[in-house]
Amino acid sequence: MRLFATIDEKFASLGYTKIEDTKFMVRYEKKADGFKYTKRIDICHKHSGRHIVQSYDPNLGDIKNIGNTCVGLTYKELKLCMKKMKEKGWA
């Protein structure tokens, strides 16, 4: 019996599924079927140490096809992203 949930389990409790987990990136995705909306969170490792978190809807590109529309993170989501970076040894 475990006392604490893993970071992935905590993301799952918020409705996220882990899509990808590599040496340089972790990707979570949540679908809100009632709104036909997908929220994707990418936690990316950069060699410079300036790691990034990107949150967006992959289905909402801009008019000029430069990139996707940014979606805000809640405090809980951001805190889990920071914990994931620490777990991966990036912070």
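**Notes from the chat**

Modeller: Let me start with Ala-12, which is partly exposed, with a relative accessible area of 42%. Keep in mind that this is a predicted model.

Colleague: Where does Ala-12 sit?

Modeller: Ala-12 belongs to helix H1.

Colleague: And how far apart are the C-alpha atoms of Ala-12 and Gly-49?

Modeller: Those two C-alpha atoms are separated by 27 Å, and the residues are 37 apart along the chain.

Colleague: Step back a bit. How many helices and strands does the chain have?

Modeller: There are 2 helices and 5 strands. In sequence order the pattern reads α-β-β-β-β-β-α.

Colleague: What does the C-alpha trace span along its principal axes?

Modeller: About 45 × 35 × 20 Å.

Colleague: What share of the residues counts as buried?

Modeller: Of the 91 residues, 29% are buried. The chain exposes about 6600 Å², and carbon and sulfur atoms supply 57% of that.

Colleague: Which residues make up the largest nonpolar core?

Modeller: That core has 11 residues: Ile-7, Phe-11, Tyr-16, Val-26, Tyr-28, Ile-41, Ile-43, Leu-80, Cys-81, Met-85 and Trp-90. Two or more residues each come from helix H1 (7-13), strand E2 (25-32), strand E3 (37-44) and helix H2.

Colleague: Which element gives the most to this core?

Modeller: H2, with 3 residues.

Colleague: Pick Ile-41. What does Ile-41 touch, leaving out residues up to four places away in sequence?

Modeller: The list is Phe-11, Tyr-16, Val-26, Arg-27, Tyr-28, Val-53, Gln-54, Ser-55, Leu-73, Glu-77 and Cys-81.

Colleague: Aromatics next. How many aromatic pairs turn up in the whole structure?

Modeller: The search finds 2. In one of them, Phe-11 and Tyr-16 have ring centres 5.7 Å apart and planes at 85 degrees, so that pair is edge-to-face. In the stacked pair, Phe-11 and Tyr-28 are 3.9 Å centre to centre with 20 degrees between the planes.

Colleague: Why does the pair of Phe-11 and Tyr-28 tie together parts that are apart in sequence?

Modeller: Because Phe-11 lies in helix H1 and Tyr-28 in strand E2, the pair ties together parts 17 residues apart in sequence.

Colleague: Is Phe-11 buried or exposed?

Modeller: Buried, at a relative accessible area of 0%. Tyr-28 counts as buried too, at 1% relative accessibility, and Tyr-16 is buried. Phe-11, Tyr-16 and Tyr-28 form one aromatic cluster.

Colleague: Switching to charges. How many salt bridges are there?

Modeller: The search of the whole structure finds 10. Arg-27 takes part in one with Glu-20, at 3.8 Å from N to O. Arg-27 also forms a salt bridge with Asp-42, where the closest N and O atoms are 2.7 Å apart.

Colleague: What does the pair of Asp-42 and Arg-27 link?

Modeller: Distant parts of the chain: Asp-42 is in strand E3 and Arg-27 in strand E2, 15 residues apart.

Colleague: And how does burial look for these side chains?

Modeller: Asp-42 and Arg-27 are both buried; the figure for Arg-27 is 17% relative accessibility. Glu-20 is partly exposed, at 31%.

Colleague: What about Lys-84 and Glu-87?

Modeller: Their side chains meet in a salt bridge of 2.8 Å, N to O. Lys-84 and Glu-87 are 3 residues apart in helix H2, which means about one helical turn separates them. Lys-84 is buried, with a relative accessible area of 2%, whereas Glu-87 is partly exposed at 46%.

Colleague: Which residues are linked with them in a network of salt bridges?

Modeller: The network links Asp-8, Lys-18, Asp-21, Lys-84, Glu-87 and Lys-88.

Colleague: Last topic, the surface. Which residues form a nonpolar patch there?

Modeller: Leu-73, Leu-78 and Met-82 do, with about 250 Å² of accessible area together.

Colleague: Leu-73 was also in the Ile-41 list. Where is Leu-73 found?

Modeller: In the loop between strand E5 (68-70) and helix H2 (75-88). Leu-73 counts as partly exposed, at 30% relative accessibility.

Key:
Residues numbered from 1 in each chain as written. Predicted model: local features only at pLDDT ≥ 70, side-chain atom pairs only at ≥ 80, totals over all residues. Heavy atoms only, no water. Patch = residues over 30% accessible without salt bridge, like charges linked within 9 Å, V, L, I, M, F, W, Y side chains within 5 Å. Areas by Shrake-Rupley, 256 points an atom, 1.4 Å probe, with all protein chains shown as cover. Salt bridge = Lys/Arg side-chain N within 4 Å of Asp/Glu carboxyl O. Helix = DSSP H or I, 4+ residues; strand = E, 2+ residues; numbered from the N terminus. Buried < 20%, exposed > 50% of the residue type's maximum accessible area, 1.4 Å probe, protein only. Core = buried A, V, L, I, M, F, W, Y, C linked by side-chain atoms within 4.5 Å. Contact = heavy atoms within 4.5 Å. Phe/Tyr/Trp six-rings, centres within 6.5 Å; stacked < 30°, edge-to-face > 60°.
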